[in-house]
Amino acid sequence: MPVPGEIRVEAELSRPTRSWSFRNAYAGVLGIAERIGDFRAQDASVKKIATGEFRSDLDATKISYNVKLSELRATDLPHVSWLAYDRGLLMFADLIPQDIESLSAQFTLPTGWTAESSITGANGRYEVSEPQKAVFFVGRSLRKISSTTDGLDVVLNGSWPFKEPEALKAASDVMKKYLDLTGFKLPDKAAIMIAPLPVISNKSEWKAETRGSTVVLLANPQKFDFWRSRLTIILSHEMLHLWVPNSLKLEGDYDWFFEGFTQYTALRTVQELGSVDFQETLNTLARVYDVYISRPDDVSLIEASETRWTNPSSNVYIKGMLVAFLYDLKIRKESGGKLTLADRYRELFSLGVAANTNGNEAIIALLDSAPAMSGFAKSYVENPTKLELEQVLPAYGLTLDSSGKKSRLRVNRDLNAEQKQLLRSLGYRD
Ligand SMILES: [Zn+2]
């Protein structure tokens with residue numbers, strides 16, 4: 001760090017080259033490579049030909065450049081590297097030229113700073129096999145607490161209304177649920193990194209992202225009240241990404257599943273962990289339905305997934321979540337309670353969908369392969385079929401009353417035995 005808020009990268013390349021290009025966009029954030037400057041190659045002269053694009057007249061194996069990480073926009077977070085005050089997150093996806101497939105990294109940090117990562121280092125050196133997924137938390141007085149049995153580290157900085165062991169407990173509880181859900185043990189250690197939001201935004205009090213084996217949670221410590229259930233709610237969504245999609249090698253935009261179905265599965269998990277009860281789960285679904293009916297729904301979930309980052313009111317999360325809810329209700333009903341949506345996750349990881357296949361095709365086939373579920377995902381995901389919960393829910397013993405300002409989702413007074421069993425399996429207690 002030659003000056004606060006800026007890093008200098010010095011790299012020795014394994015083979016000579018004369019062209020380097022840096023990622024300029026990530027998850028809807030544009031212009032990240034504008035932060036790269038003073039690019040030099042040893043014994044060669046370098047020209048910047050466009051944002052993040054550098055070319056030299058001769059082959060070179062030694063390069064160096066600066067990256068300015070302190071001029072942050074709230075909308076950049078949590079998707080890009082930053083440095084603020086005495087901490088920062090270094091995400092190699094926007095710090096390292098794009099075609100570098102693996103690397104060995106060392107940090108020279110200011111006195112008193114340390115670096116933490118899900119990648120285990122030895123003697124200050126880190127072997128990074130997938131730079132695009134590598135995240136390093138650097139700063140003064142980082143605190144780390146680990147659970148070796150769960151393969152989990154929690155790294156914190158700043159002052160919070162909770163203690164490190166409590167954050168680790170929340171993360172471990174969620175981890176166990178998803179190990180159970182998927183039946184798949186993550187190959188690498190996971191790290192949960194919690195830092196104060198470096199830019200306070202009036203839009204959101206926290207932001208999170210899961211990349212590779214790292215969950216990053218940036219929050220405003222002053223506004224992080226009800227922290228226990230909040231932490232569980234945030235981690236229930238983010239930590240499922242360690243499996244879906246991060247442990248699946250599927251291609252294409254199937255965000256309706258790994259975001260929408262994740263929303264629903266996370267809500268079920270939060271309920272099972274006791275942070276919300278059955279009625280609150282129904283209330284959440286009713287709120288989501290109100291958002292759904294307030295927006296147009298004229299493209300399929302697959303198309304919505306393709307435009308997720310450019311369309312702020314994409315239906316990926318909300319419709320995806322409601323489709324997952326309907327799927328769970330229907331499969332429970334059709335199988336007489338023997339099957340649930342959760343079983344699909346286990347199957348996804350036990351059968352193992354072939355690597356590099358199309359995510360949309362693979363997941364739709366998996367969902368529709370269950371008895372009596374044929375055509376369900378095809379209809380709600382591939383086709384732009386609208387949701388009409390008022391009409392379909394009564395068959396499951398639920399009533400959606402959308403006559404008032406806010407919809408209400410309630411259990412019917414007269415349930416038949418089958419409906420009672422179904423709703424009880426979802427946590428209903430009469
Ligand atoms: Zn997500």
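Select the zinc ion together with His237, His241 and Glu259: the metal is coordinated by NE2 of His237, NE2 of His241 and OE of Glu259, at 2.0 to 2.1 Å, where donors are N, O and S atoms within 2.8 Å of the metal (3.2 Å for Na, K and Ca), and water is not among the atoms, so sites may look incomplete. Along the sequence these donor residues follow the spacing H-x3-H-x17-E. Because His237 lies in helix α2 and Glu259 in helix α3 (residues 255-272), the pair ties together parts that are 22 residues apart in sequence. Helices here are DSSP runs of H or I with at least four residues, strands are runs of E with at least two, and both are numbered from the N terminus. Both His237 and Glu259 are buried, a term that stands for under 20% relative accessible area, with exposed meaning over 50% and partly exposed in between (1.4 Å probe, protein chains only).

This is a predicted model, in which local features need pLDDT of at least 70 and side-chain atom pairs count only at pLDDT 80 or more, while totals for chains, interfaces and linings use all residues. Residues are numbered from 1 along each chain as its sequence is written, and side-chain values use heavy atoms, with hydrogens and water left out.

Next, select residues 227-240, which make up helix α2: its 14 residues reach 19 Å from the first C-alpha to the last, close to the 20 Å expected at 1.5 Å a residue, the expected span being 1.5 Å times one less than the number of residues. Since 11 of the 14 residues are buried, α2 is largely enclosed by the rest of the structure; among the buried residues are Trp227, Arg230, His237 and Leu240.

Now move to the aromatic side chains and select Trp20, Phe22, Phe39, Phe54 and Tyr65, which form one aromatic cluster. Rings of Phe, Tyr and Trp (its six-membered ring) pair if their centres lie within 6.5 Å, and planes under 30 degrees apart count as stacked, over 60 as edge-to-face and the rest as tilted. The structure holds 25 aromatic pairs. Trp20 and Phe39 form a tilted one, 5.2 Å centre to centre with 40 degrees between the planes. As Trp20 lies in strand β1 (residues 6-21) and Phe39 in strand β4 (residues 36-41), this pair ties together parts that are 19 residues apart in sequence. Trp20 is buried at a relative accessible area of 2%, and Phe39 counts as buried at 9%.
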